[in-house]
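Dear colleague,

Please find below the structure that I am handing over to you, together with its sequence. My findings follow directly after it.

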Amino acid sequence: MRAQKPTASDAGGGAAPPEVPEGTRAVLDGNEINRALTRIAHEVLERTKGGHGVTLLGIPSRGVPLAARLAERIERVENLAVPHGSLDITMYRDDLRNAPPRALGRTEIPAGGLDDRVVVLVDDVLFSGRTVRAALDALNDLGRPRAVQLAVLVDRGHRELPIRADYVGKNLPTSLRESVTVRLAETDGHDAVLLGPARPSPSTALKRRPAADPSADPKRTTGTTGTEGKDS
């Protein structure tokens, strides 16, 4: 009998994920991510007494599909449609002056708004806490929730602000010399959480880049204008 190819759901978000880069190891695979999200969905239902009045807002980019997955799981368990959307925090970040230009994401607030709702912010990795602080500032301009909670797939520690997640898929102790990369089927073709060596931030890379010499190559000063420093 000819073996059937595994589907995306069988493989936990994608079949036969590609090899991880050298020096990087997978700490969560697709099945483990699915189990973590199912557990978080049950915890949200328990803490909010059935999920009534809950709105899930994903922080782009990977928080958005994670919020959609949580909403799907809650509906499956409780037969309750939970509103979910996205919350772009780009203009609320505190590193805009030091970082390269960023593309604006989408803010999509479900019908009914956020007033008197229990808003659960959803993100892939909790690190310094500055992204969540920016999300709280953005929420302040959009409505007045009854309560705000935080769900993350991975908490890697190293907080710089007094922020703690209410729901965590996996606590992952890391060093500052390491990076955590979340891959999802919706954005990357497969599900995985990877731990590897830290990558230099775009702002650091720009500072280290030697200045161009206009006399050596006149085209260089015009050919890169407006393109350097953009996120890849």
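In this predicted model, the buried residues of helix H3 pack against strands S2, S4 and S5. The residues concerned are Val 132, Ala 134, Ala 135, Ala 138 and Leu 139. Viewed down the axis of H3, they fall within an arc of 155°, so they line one face of the helix.

The strands against which H3 packs belong to an open sheet of five strands, with the order S3-S2-S4-S5-S6 and parallel pairing. Strand S3 (84-86) and strand S6 (167-171) stand at the edges with a single partner strand each, so one side of each has no neighbour in the sheet. On average, neighbouring strands of this sheet are turned by 25° against each other, direction ignored. Within the sheet, strand S2 (residues 54-58) and strand S4 (residues 118-126) run parallel and are joined by five bridges. One of the residues involved is Leu 56, whose bridge partner in S4 is Val 120. Helix H1 (residues 30-47) lies across strand S5 (147-155) and S6, and runs at about 150° to S6.

There is also an open sheet of three strands, in the order S1-S8-S7, and here the pairing is antiparallel. S1 and S7 are the edge strands, each pairing on one side only. The twist from one strand to the next averages 20°. Between S1 and S8, which run antiparallel, there are four bridges; in S8, Ala 192 is the bridge partner of Asp 29. H1 packs on this sheet as well, where it touches S1, S7 and S8, and its direction makes about 45° with that of S1.

Which residues have the most contacts inside the largest nonpolar core? They are Leu 56, Leu 153 and Val 193, in a core of 32 residues. Strand S1 (25-29), H1, S2, H2, S4, S5, strand S7 (178-183) and S8 each supply at least two residues of this core. Its largest share, seven residues, comes from H1. The surroundings of Leu 153 can be listed in part: leaving aside neighbours within four places in sequence, its contacts include Ile 33, Ala 36, Leu 37, Leu 66, Val 182 and Val 193. Asp 123, Asp 124, Gly 169 and Lys 170 are also among the residues in contact with Leu 153. A second, separate core has 18 residues, including Ile 89, Val 119, Ala 165 and Val 168.

I turn next to the charged pairs. Side chains of opposite charge can pair when their charged atoms come close. The count for this model comes to 12 salt bridges. In one of them, Arg 69 pairs with Glu 186, and the closest N and O atoms are 2.7 Å apart. This pair links distant parts of the chain, since Arg 69 is in helix H2 (residues 63-78) and Glu 186 is in helix H4 (residues 185-188), 117 residues apart.

Are the two partners buried or exposed? Arg 69 is buried, with a relative accessible area of 8%, whereas Glu 186 counts as partly exposed at 45% relative accessibility.

Arg 69 has a further salt bridge, with Asp 191, at 2.9 Å from N to O. Asp 191 lies in the loop between H4 and strand S8 (192-197) and Arg 69 in helix H2, so this pair ties together parts that are 122 residues apart in sequence. Both Asp 191 and Arg 69 are buried. Through shared partners, the salt bridges join Arg 69, Glu 186 and Asp 191 into one network.

With kind regards

Methods:
Residues numbered from 1 in each chain as written. Predicted model: local features only at pLDDT ≥ 70, side-chain atom pairs only at ≥ 80, totals over all residues. Heavy atoms only, no water. Pairing = 2+ DSSP bridges. Axes fitted to C-alpha atoms, helices over the stretch in contact; angles between N-to-C directions. Contact = heavy atoms within 4.5 Å. Salt bridge = Lys/Arg side-chain N within 4 Å of Asp/Glu carboxyl O. Buried < 20%, exposed > 50% of the residue type's maximum accessible area, 1.4 Å probe, protein only. Arc of directions from axis to C-beta. Core = buried A, V, L, I, M, F, W, Y, C linked by side-chain atoms within 4.5 Å.
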